[in-house]
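Please read it beside the coordinates.

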Amino acid sequence: MLKKSVFNFLTSTKSFSKMLSPLESAKQAAAFKAVDKHVQNNYVIGIGSGSTIVYAAERLAERVSKEKLNVVCIPTSFQAKQLIVKHDLRLGSLDTHPTVDVCIDGADEVDVNLDLIKGGGACLLQEKIVASCANNLVIIADYTKDSVKLGDQYKKGIPIEVIPMSYVPIQNKIRNRFGGDVNLRMAVAKAGPVITDNGNFILDWVNFKQSDDWNQVNTFIRMIPGVVETGLFIGMARIVYFGQADGTVKEQIFNARNK
Ligand SMILES: O=C[C@H](O)[C@H](O)[C@H](O)COP(=O)(O)O
């Protein structure tokens, strides 16, 4: 028989929130740290997409309610919009708030220069638009995303959002120029390809060679007609919080970054 005090401890909401797997604890720790450190009253906040941002939205809602903060949230995807609505946060748009104070978002891989691969959840286009409007892009990630060079850790490739009619020529052009494989991302619970929030397809470029100049690679790909955007976020993030399995957070800052 469990003692009543132990039972109460185990069943309280707060205790349950602590009983996370090491990976989820890491995500939560990074998200909480970013929200605690980078959100201020009267801020316009970009809300990223993915599984780590879920913890950030939770923490933001907690702070808004406790501290009576007046903030506006700009979503980077359908999922982000749902999170904002679910937590009763104030939903805004770039039409009314074209300058974002801080954008908090996840990443699939982060290298030593804080260059990123994003778009594992197919949300890269709106994420990049909102990040480009932000005075500060803060990335929250677990320890598995911490990498020296892009491609070292994340094996699912670099996502590229494309106009549907152009996907085959784009596959060929990337393969011919850089090698590797360029796969059309297929849906899991639907026959056919993944369709993004913007009605486009996603190509995942895998088995690519390392580059010393991702900016150049990114520019080449973006110039191919039919490419809408890539999941390469080069020179955009200024601070990354990597949550660790023990709940601590490693902070990586790129001081020289100019916006
Ligand atoms: O398209 C999805 C986004 O770029 C996510 O921010 C990225 O995939 C990281 O997601 P997660 O926090 O689930 O690892």
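1. Domain layout. The chain is divided into domain 1 (21-145 + 234-245) and domain 2 (158-227). Note that this is a predicted model. The centres of the two domains, taken over C-alpha atoms, are separated by 25 Å.

2. Domain contact. On the domain 1 side, 12 residues are in contact with 11 residues of domain 2. Helix α6 (residues 124-132) gives the largest share of that side of domain 1, with 3 residues. By class, the side of domain 1 that touches domain 2 has 7 nonpolar, 4 polar and 1 charged residues.

3. Nonpolar core. The largest nonpolar core has 70 residues, and those with the most contacts inside it are Ile 47, Ala 56, Ile 104, Ile 139 and Ile 140. At least three residues of this core come from each of domain 1 (21-145 + 234-245) and domain 2 (158-227).

4. Ile 47. Leaving aside residues up to four places away in sequence, Ile 47 touches Ile 53, Ala 57, Cys 73, Ile 74, Pro 75, Thr 76, Ala 80, Leu 83, Ile 84 and Ile 104. Among these contacts are Ala 80, Leu 83 and Ile 84, which are also listed among the buried residues of helix α5.

5. Helix α5. Which residues of helix α5 (residues 78-86) are buried? They are Gln 79, Ala 80, Leu 83 and Ile 84. Seen down the axis of α5, these buried residues fall within an arc of 140 degrees, so they line one face of the helix. Gln 82, Val 85 and Lys 86, on the other side of α5, are exposed. The cover over the buried residues of α5 includes β1 (44-47), α4 (52-67) and β2 (72-75).

6. Asp 88. Just after α5, Asp 88 takes a positive phi of about 55 degrees, although Asp 88 is not a glycine. Asp 88 is found in the loop between α5 and β3 (102-105). Is Asp 88 buried or exposed? Asp 88 counts as exposed because it has 10 C-beta neighbours inside 10 Å, and a residue is exposed at 12 or fewer.

7. Ala 122. Ala 122 sits in the loop between β5 (116-117) and α6. With 23 other C-beta atoms within 10 Å, Ala 122 is buried.

8. Of the 17 residues around the ligand, Gly 50, Ser 51, Gly 106, Gly 120 and Gly 121 come nearest. The shell around the ligand divides into 4 nonpolar, 9 polar and 4 charged residues.

9. Ile 170. Helix α7 (residues 167-178) contains Ile 170. Why does Ile 170 count as buried? There are 22 other C-beta atoms within 10 Å of Ile 170, and a residue is buried if it has 20 or more. Not counting residues up to four places away in sequence, Ile 170 touches Val 162, Leu 203, Ile 224, Gly 226 and Val 227. For one of these, Leu 203, the C-alpha atom is separated from that of Ile 170 by 8.9 Å, with the two residues 33 apart along the chain.

10. Gly 179. The loop between α7 and β8 (181-184) holds Gly 179. Gly 179 is exposed, with 12 other C-beta atoms within 10 Å. Apart from residues up to four places away in sequence, Gly 179 touches Phe 208 and Lys 209. The C-alpha atoms of Gly 179 and Leu 125, 54 residues apart along the chain, are separated by 24 Å.

11. Thr 248. The place of Thr 248 is in the loop between β12 (239-243) and β13 (249-253). Thr 248 has 13 C-beta neighbours inside 10 Å and counts as partly exposed. Thr 248 and Lys 33 are 215 residues apart along the chain, yet their C-alpha atoms are separated by 9.6 Å.

Methods. Residues are numbered from 1 along each chain as its sequence is written. This is a predicted model: local features need pLDDT of at least 70, side-chain atom pairs count only at pLDDT 80 or more; totals for chains, interfaces and linings use all residues. Helices (H or I, at least four residues) and strands (E, at least two) are DSSP runs, numbered from the N terminus. The arc is that of the directions from the helix axis to the C-beta atoms. Two residues are in contact if their C-beta atoms, placed from the backbone, lie within 7 Å. A nonpolar core is a set of buried Ala, Val, Leu, Ile, Met, Phe, Trp, Tyr and Cys residues joined through C-beta atoms within 7 Å. Domain bounds come from an automatic or database domain assignment. A residue is near a molecule or strand if its C-beta atom, placed from the backbone, lies within 6 Å of it. Ala, Val, Leu, Ile, Met, Phe, Trp, Tyr, Cys and Pro count as nonpolar, Asp, Glu, Lys and Arg as charged, and the others, Gly among them, as polar.
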